[in-house]
Structures are given as structure tokens and as C-alpha cells.
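User: I have a structure open and want to go through it piece by piece. Can you take my questions as they come?
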Amino acid sequence: MGHAHARGHGHTSGSTRRTFVTRTAAVGGAAALGVGALSAPARAADPAPRAGKAVAVLGGGVAGLTAAHELAERGFAVTVYERRALGGKARSMDVPNSAKGNRRPLPGEHGFRFIPGIYHNLPDTMRRIPFPGNANGVWDNLVSPPEMSFARAGGREDIRLPIPQHTGDPARLTKDDIARALTALLDTATSIPAHEVAYFVNRALVFLTSCDERRDDDWESTPWWKFVRAEQMSKDYQRILAIGVTRNIVATKAEVASTRTVGSLGEAFVFNALGRGADGPPDRILNAPTNEAWIDPWVTHLKSLGVTFRIGWTVRELAYGGGRITKTVVENPDGKREDVVADHYVQAMPVEHARKTWSRELKAADPQLARCDKLETDWMTGIQFYLTERPGTVEGHFNCIDSPWSLTGIAQAAHWKGRDFPAEYGDGTAVDCLSVDISEWDKPGMLYGKTAKQCTRDEVAREVWAQLKASLNDTGKTVLSDAKLHSWFLDPGVDGIGGPNPTNEDELLIHPVGTLHNRPSADTKIPNLYLAGDYVSVDIDLATMEGANAAARQAVNALLDRVGSDHKRCEVTPMYRAPEIEGLRRHDRLRYRLGLPNVLDLG
């Protein structure tokens with residue numbers, strides 16, 4: 001999130017703030033998820049699994065569910081152990097105590113979903129999950145917002161960009177065609193000086209025509225901020241091209257993010273916008289809360305394939321002996337430790353949780369596990385504001401590029417086609433859900449001068465609301481008004497904020513320079529252990545649902561190879577590469593080996 005915006009009028013008055021607090025405390029303070037345990041279907045008629053076919057999948061997020069899906073289709077007996085709720089960071093969740101009458105609770109989430117057209121593996125899985133009335137399964141629940149915006153603060157007009165909807169391949173593209181398209185977009189859509197636009201387009205072409213060796217070496221060790229010379233450029237260039245692009249595409253900080261990561265994703269999005277090599281338009285979201293549109297139908301399908309789920313089971317340790325994993329020590333919902341013994345273990349947990357379960361002996365047996373200690377995670381967490389009136393935001397994602405906490409967001413109800421929000425959710429008075437991601441938790445905000453981690457949950461909500469108004473209400477339009485705010489919900493994975501030990505159960509892998517070389521492969525040197533997750537080395541060099549899905553496919557393929565299975569291997573589709581550019585890359589490979597810069601690199 002993939003992936004993945006604000007305006008306001010300075011400080012709110014004390015009374016407004018108090019009203020805000022009283023009105024929202026009921027929903028905002030709640031942390032319970034209200035997710036019930038799922039029981040596995042009875043399987044009396046099933047034959048006993050053949051020897052060597054029992055697989056424990058540790059973790060029930062996108063990676064774990066993907067691995068379970070591919071293994072179950074190939075006849076393995078799969079049990080998924082998940083500590084909290086299926087779907088992981090991708091799930092939607094019920095806002096506690098928010099339902100009245102026969103309505104469902106308001107839908108909350110860790111952050112909004114973003115499934116761009118550059119993804120291929122995840123959409124393939126979605127097509128294979130049946131959904132009533134859909135020819136292409138849950139994939140048909142994807143809808144494409146027509147536009148996005150960079151929202152400015154301080155009375156500056158927002159930059160609204162239409163999102164191309166075509167998906168047919170254009171005629172042959174040259175690098176000059178690409179340069180012209182990029183220049184036209186930046187010239188018409190931004191206030192960046194022409195000479196800076198020209199420089200940025202040149203840097204984009206340098207990256208585009210760089211060979212893989214130059215990318216893996218030079219550009220992996222160069223921060224994006226430095227690569228695009230942001231230091232010497234105008235504020236608009238820095239905010240839109242250096243910072244805005246990295247936040248929208250990579251959810252990471254431009255000052256430290258690897259140029260290889262930002263550039264390769266940027267390249268894919270450019271080709272996607274030009275109608276090249278994509279599964280669909282550049283921006284796609286679900287037409288309903290995530291669990292309704294995707295996760296629940298997926299779990300139902302996996303149960304029909306015989307997958308067993310154990311919810312509320314926390315993995316504590318992978319026991320290692322005799323060169324293998326001998327068992328997994330898990331804590332059951334009653335807090336008691338149990339041993340899980342299987343033929344194979346697919347560990348599909350986020351890296352910061354997975355590495356706590358690896359002993360010194362296990363890491364010594366496979367040094368790539370030890371290197372995972374160098375991978376870095378950071379906070380990026382969502383908050384939802386429920387409104388009694390539809391906001392006048394752009395019909396799609398907005399990026400508050402001047403907001404201290406790097407906010408991005410989307411008003412969702414307009415995209416939830418066929419759903420009557422007030423009739424179906426909450427108490428009947430909320431008509432929209434404004435879902436906002438907070439990317440920056442360590443910089444002071446506007447209201448309190450405190451970082452998000454130093455603020456209480458109430459203060460975070462008030463601060464984010466103020467920053468949204470500062471970006472969205474600053475050109476004479478009242479897009480957001482306090483009177484229309486119904487309630488809010490902050491991801492319960494965040495705990496202890498405003499106190500001495502803030503914690504976040506759901507951090508995000510970030511991509512500072514050098515990250516590429518510390519990402520492990522799905523296959524390990526331990527013959528019955530495989531890794532799946534968005535930190536595993538896959539073609540998409542970014543912590544995404546697509547990366548988690550591709551890693552799970554690679555883990556299953558490694559398992560099939562190891563047992564000598566004759567089952568068809570999972571297809572793993574790489575990122576699109578334009579054939580017209582390959583000749584330029586071959587030329588650059590020669591220059592790279594001779595120690596020369598890229599031919600377009602003007603420095």
C-alpha cells in the first residue's frame with residue numbers, strides 16, 4: 001500500500017475541541033475488535049492427509065492466506081495460525097458499540113486499501129476467489145477512482161490530476177515519448193519551474209535506462225532525495241516530486257529511501273498510466289469495506305478447500321534441532337503454550353514479529369535470517385472519520401503534502417457502489433467514512449506541538465482533523481466542518497501513545513538505502529521452513545500486498561521443489577518491463593562495466 005492530503009484554519013477553539021472530544025469519545029477510545037473466532041468446517045468425509053503433506057502456515061494476513069490457498073489447491077493439509085484476525089493489516093474491522101438497530105457496525109481499518117494496476121499476482125488470486133454474481137470473483141469488486149489530488153495548505157489551490165483509465169497497449173513507445181508525457185503532466189499539473197521539471201524528467205530517464213547492475217549497486221545506495229537533487233530545488237519540487245511521490249508510491253521518507261525502490265515503482269506507474277503492461281488502471285480500490293469485498297469470501301473459499309483456521313493463536317518460537325524445525329511453540333487463546341508439529345512450516349508473519357521467534361541457532365543455520373535484524377520498520381497507521389454529510393473532497397485519493405504528519409486519505413462511501421451507508425452501518429446518521437493514513441509519527445503537529453506518538457488517542461484525532469482542515473478548507477470552500485463530524489476510530493494496533501512506551505502492532509517495512517541486500521529469499525537453508533511476507537525478496541521491491549502475495553507463491557514453489565512434487569508451480573509474474581527500453585539498458589550495462597555513468601546522466 002500499497003499504499004498510498006489535508007486543509008484547515010489554524011487552531012480550533014477550546015469549546016469546539018471539547019465538543020469534538022465528547023462527541024467522539026464513545027467510538028474513538030474503543031480498542032476491542034469484536035472479531036469472533038472462526039471454526040473450521042467438519043471434514044469427516046475427507047481422507048487422512050498423506051505423509052509429508054501437513055503444513056502449518058504461521059500468520060493469516062495476505063501472505064498466509066495466499067500460501068494456504070496455493071497449498072490447499074495442491075492437496076496439502078493446511079492449518080493457519082493467526083494471533084488476532086484474518087486479513088492482517090489488509091482487513092477491515094468493526095468499530096465497537098457503533099451499530100444501532102439491525103445495522104452493521106461502522107467499518108474501521110488499519111489503513112485504506114490501494115490495489116494499483118501494476119499489481120499482477122494479487123489480482124490473479126482475487127480472480128480465483130468466488131463472489132456471488134461476479135464472473136471474475138472478488139477481482140470484479142475493484143473500482144477505479146477517476147482522479148487524485150495534491151492538497152496544499154496556506155490558501156494555495158490544490159493540484160487535481162485525472163487518472164488515465166485506458167488499459168490497452170499503445171503503439172511503440174520511445175524514451176522521448178515517455179519524456180514528453182512526463183513533461184506535459186508536470187507542466188500542466190504543477191507549479192514547478194520549467195527548468196526543474198526538465199531536470200526531474202532527465203533523472204527519471206536516467207533511472208529508466210539504467211541496467212539492473214547499476215540499479216542494484218549505485219541506485220540502491222543513493223537516497224531518492226539526493227538522486228533528484230531535491231536540496232537545490234524549489235519548495236514545490238521538494239514537496240511534490242521528492243516527498244509527494246515517495247509518500248504516494250512507497251510510503252517511505254524521501255531523504256532515506258533507496259532510489260532503486262522509488263524509481264522502479266515510479267517506472268511501473270508511468271507505464272501503467274501510459275496503458276502499458278498493467279492489470280488495470282493505476283488506482284483501484286474495493287467497492288465495499290475490505291472484509292466484505294475480499295477477506296471474508298476468501299476465508300469461506302479456503303474453508304471449502306479444507307483449510308483449518310486457528311484464530312487467537314500466537315507463535316512464540318520455532319524450535320530448531322537436527323537441522324530442521326522440530327515444532328512451533330504457540331500460545332493458545334487461553335494463554336497456554338502448545339506445540340504444533342507439521343511436516344512443513346510457512347512463516348507468514350511480519351518481519352518484526354517473525355524474527356522474535358528465531359533462536360541464535362536457527363539464525364546461525366541460515367545467515368539470511370540474521371540479516372533480517374537489519375531490516376527497518378516504521379509507523380504508518382490509519383484513522384477513520386465518520387461524517388454526517390459527504391465531504392467535497394476529490395473523487396479519489398488526496399495527499400496533504402504540506403501536512404506535518406504526512407496525511408493521505410480518501411472519502412470512501414462514493415466508491416462503495418450499491419451500498420447505502422447510513423441504512424447499512426452505524427446508527428443511521430453517518431453517510432461517509434473519510435479514511436486517513438498518518439505516515440509521520442515523529443514530527444510535531446499543529447495544535448499541540450507534539451509528535452503523534454506523544455499525543456493521546458483523542459489528541460491524535462483532533463490533530464489529524466485540524467491538519468485535514470488546514471489542507472482541504474483553505475481556499476474558501478468548507479470541505480470539512482466540525483458540525484458534520486460524527487465520530488472517529490483509530491487503529492487499535494496502536495497502544496500506549498501519549499505515554500512513555502508507545503507501541504504499534506502493525507509497523508510497515510521501510511526502504512532506506514541498502515534494504516534490498518538484507519531481504520531474505522522465500523526458500524531457507526532449513527529444509528522444512530519457508531518465508532512469506534512483504535519483507536521477503538520478490539520482484540516488486542516494496543512492502544506491499546502484492547509483495548506478500550508473490551512471496552507466498554515463491555514459498556509454496558520452494559516447498560514443492562523440496563518435496564519433488566509434480567504439481568504445477570505457482571505463477572509469479574514480475575513487474576512489467578517495456579521491451580523498447582531493453583536496448584538502452586544493454587548499452588548502459590556496457591558503460592557500467594567500463595565504469596562510465598549512464599549516457600543520459602548529466603550529473
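This is a predicted model: local features need pLDDT of at least 70, side-chain atom pairs count only at pLDDT 80 or more; totals for chains, interfaces and linings use all residues.

User: Where is glycine 449 found?

Analyst: In the loop that runs between β18 (432-438) and α15 (457-472). Its C-alpha atom is separated by 9.7 Å from that of glutamate 463, and the two residues are 14 apart along the chain.

User: And α15, how many of its residues are buried?

Analyst: 15 of the 16, so α15 is largely enclosed by the rest of the structure. From first C-alpha to last, α15 reaches 22 Å, close to the 22 Å expected at 1.5 Å a residue.

User: Switching to α9. What span should it have, and what are its end C-alpha atoms apart?

Analyst: Helix α9 (residues 259-273) has 15 residues and should span 21 Å at 1.5 Å a residue; the end C-alpha atoms are 20 Å apart, which agrees. Of those 15 residues, 13 are buried, so the helix is largely enclosed by the rest of the structure.

User: What caps the N-terminal end of α9?

Analyst: Serine 258 does, with a side-chain oxygen 3.1 Å from the backbone nitrogen of arginine 260. Just after the helix, glycine 275 takes a positive phi of about 85°.

User: OK, aromatics. How many pairs does a search of the whole structure find?

Analyst: The search finds 12 aromatic pairs. One of them is phenylalanine 114 with phenylalanine 269, a stacked pair at 6.2 Å centre to centre and 5° between the planes. Phenylalanine 114 lies in the loop between β4 (107-109) and α3 (121-127), while phenylalanine 269 belongs to helix α9, so the pair ties together parts that are 155 residues apart in sequence.

User: Are those two phenylalanines buried or exposed?

Analyst: Phenylalanine 114 is buried, and so is phenylalanine 269. There is also a stacked pair of tryptophan 294 and tryptophan 298, with 5.6 Å centre to centre and 15° between the planes.

User: Where do tryptophan 294 and tryptophan 298 lie?

Analyst: Both are in helix α10 (residues 290-304), four residues apart, which is about one turn of the helix. Elsewhere, ring pairs link Phe200, Trp219, Trp224, Phe227 and Tyr237 into a cluster.

User: Which residues touch the most other members in the largest nonpolar core?

Analyst: The core has 86 residues, and the ones touching the most other members are Leu71, Met126, Trp294, Phe309, Val346, Trp358 and Tyr535. Helix α16 (residues 545-562) supplies the largest share of this core, 10 residues. Another core, of 38 residues, lies apart from it and includes Val206, Trp219, Ala257 and Val262.

User: What does tyrosine 535 touch?

Analyst: Leaving out residues up to four places away in sequence, its contacts include Met349, Pro350, Val351, Ala354 and Trp358. Cys372, Leu375, Leu509, Arg519 and Pro520 are also touched by tyrosine 535.

User: Last topic, strands. In what sense do β10 and β11 pair?

Analyst: Antiparallel, over seven bridges, with β10 at residues 314-321 and β11 at residues 324-331. Tyrosine 320 stands opposite isoleucine 325 in β11. Their hairpin has two residues between the strands, and glycine 322 there takes a positive phi near 60°.

User: And β11 with β12, over how many bridges?

Analyst: Four, again in the antiparallel sense, with β12 at residues 337-340. Valine 330 stands opposite glutamate 338 in β12. This hairpin has five residues between the strands, and glycine 335 takes a positive phi near 85°.

How values were computed
Residues are numbered from 1 along each chain as its sequence is written. Side-chain values use heavy atoms; hydrogens and water are left out. A nonpolar core is a set of buried Ala, Val, Leu, Ile, Met, Phe, Trp, Tyr and Cys residues joined through side-chain atoms within 4.5 Å. Buried means under 20% relative accessible area, exposed over 50%, partly exposed in between (1.4 Å probe, protein chains only). Contact means heavy atoms within 4.5 Å. The expected span of a helix is 1.5 Å times one less than its number of residues. A polar contact is a pair of N or O atoms within 3.5 Å; within protein, one must be able to donate a hydrogen and the other to accept it, and residues adjacent in sequence count only if both atoms are side-chain atoms. Two strands pair if DSSP finds at least two bridges between them. Rings of Phe, Tyr and Trp (its six-membered ring) pair if their centres lie within 6.5 Å; planes under 30 degrees apart count as stacked, over 60 as edge-to-face and the rest as tilted.
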